[in-house]
Amino acid sequence: MLTFSKMHGIGNDYIYINCFKETVTDPEKLSVFLSDVRFGVGSDGLVLILPSEVADFRMRIFNADGSEAMMCGNATRCIGKYVYDMGMTDKIEISLETNSGIKYLTLYPDANNKIESVKVDMGKAILVPREIPVNSDLERFIAQPVTVDGKEYAMTCVSMGNPHAVVFLPEVDSLDLEKIGPSFEHHELFPDRVNTEFVRVIDDHTLQMRVWERGSGETFACGTGTCATVVAAVLNGFCKKEEEILVHLRGGDLRIIYHEDDTVTMIGPAIYVFEGKMEYPNL
Ligand SMILES: N[C@H](CCC[C@H](N)C(=O)O)C(=O)O
């Protein structure tokens, strides 16, 4: 039998497996199996909680299509809640090894000593320049032209360990993400595919974002994507560094700060939904 937990960070839901107790032999196929809502559980992917030799814990994250991602903001917060609430640590400052380096978490317990929110030092944002002649350094990063389904968009490309293309638009509610999402994801500019954020600026402290995730489709939230969005908003002059920016996503809100030293802080909730047991599937 395999014991798993379902958790989410503002609706970005993954199946979490505690690999201190369980053995997962084929995480890519298991992620495809579990993510399916009819034959499995239904999720945006699979997250493994593992021992680490360099940090307190280690995370591996797999998208719904089985591809392994470098980082996941929402899963870092959920792991913080999991390890504290399950008694695997009594520290409220923990380190988490990811495929994109070690991340540092601060856990905030509620009155019942269960974690309700987590702050994550997400490390430095990496700006991805365009390879065409430009007038200024900043112009190398913002408003990169891209033609998708015959329409021209201006995108700002930011890596938070994983790649994001951020597009600012006057409104995002009516977008047909099922159609334009895959066209961004598989665009020839991105041989490794890309996560795409569609963003409306509400004011200089508030943004609205929808996301099409590489390997999982439209999700209700994306932590790394929200960080990339705030970095892009600062580069484009919509927001300022060192100020807390509130980002509304389909599943809730995240608070992000882009610091002077280019590191990014993310603060948001983590929710435990249920634990389940299943026979290890024949994959
Ligand atoms: N949902 C995640 C990111 C998953 C990234 C994945 N889709 C990829 O880079 O392939 C987050 O909260 O940051």
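In this predicted model, the largest nonpolar core holds 73 residues, and those that touch the most other members are Tyr16, Ile49, Cys227 and Val231. Helix 4 provides the largest share of this core, seven residues. Because domain 1 (2-123 + 269-278) and domain 2 (126-261) both contribute residues, the core lies between them.

Once neighbours within four places in sequence are left aside, the contacts of Cys227 are Gly73, Met122, Ala125, Met160, Ile256, Val264 and Met266.

A shell of 17 residues surrounds the ligand, with Ala69, Asn74, Asn162, Gly223 and Thr224 as the closest. Helix 2 (73-85) and helix 4 (223-235) each supply at least two residues of this shell, and the largest share, three residues, comes from helix 4. Sorted by class, the shell contains twelve polar, three nonpolar and two charged residues. Both domains take part here as well: domain 1 (2-123 + 269-278) and domain 2 (126-261) each give at least three residues to the ligand shell.

Turning to helix 1, which spans residues 27-35, the buried positions are Pro27, Leu30, Ser31, Val32, Leu34 and Ser35. The packing partners of these buried residues are three strands, namely strand 2 (12-18), strand 3 (45-50) and strand 4 (57-63).

Stepping back to the chain as a whole, its secondary structure consists of 19 strands and four helices. Of its 283 residues, 42% count as buried. Among contacts with a separation of 6 or more, 63% join residues 24 or more positions apart. Along the principal axes, the C-alpha atoms fill a box of roughly 60 × 40 × 35 Å. The radius of gyration is 18 Å, which agrees with a compact globule, because a globule of 283 residues would have a value near 19 Å.

Note on methods:
Residues numbered from 1 in each chain as written. Predicted model: local features only at pLDDT ≥ 70, side-chain atom pairs only at ≥ 80, totals over all residues. Near = placed C-beta within 6 Å. Nonpolar A, V, L, I, M, F, W, Y, C, P; charged D, E, K, R; others polar. Domains from an automatic or database assignment. Core = buried A, V, L, I, M, F, W, Y, C linked by C-beta atoms within 7 Å. Buried ≥ 20, exposed ≤ 12 C-beta atoms within 10 Å, placed from the backbone. Contact = placed C-beta atoms within 7 Å. Rg over C-alpha atoms; globule rule 2.2 N^0.38 Å.
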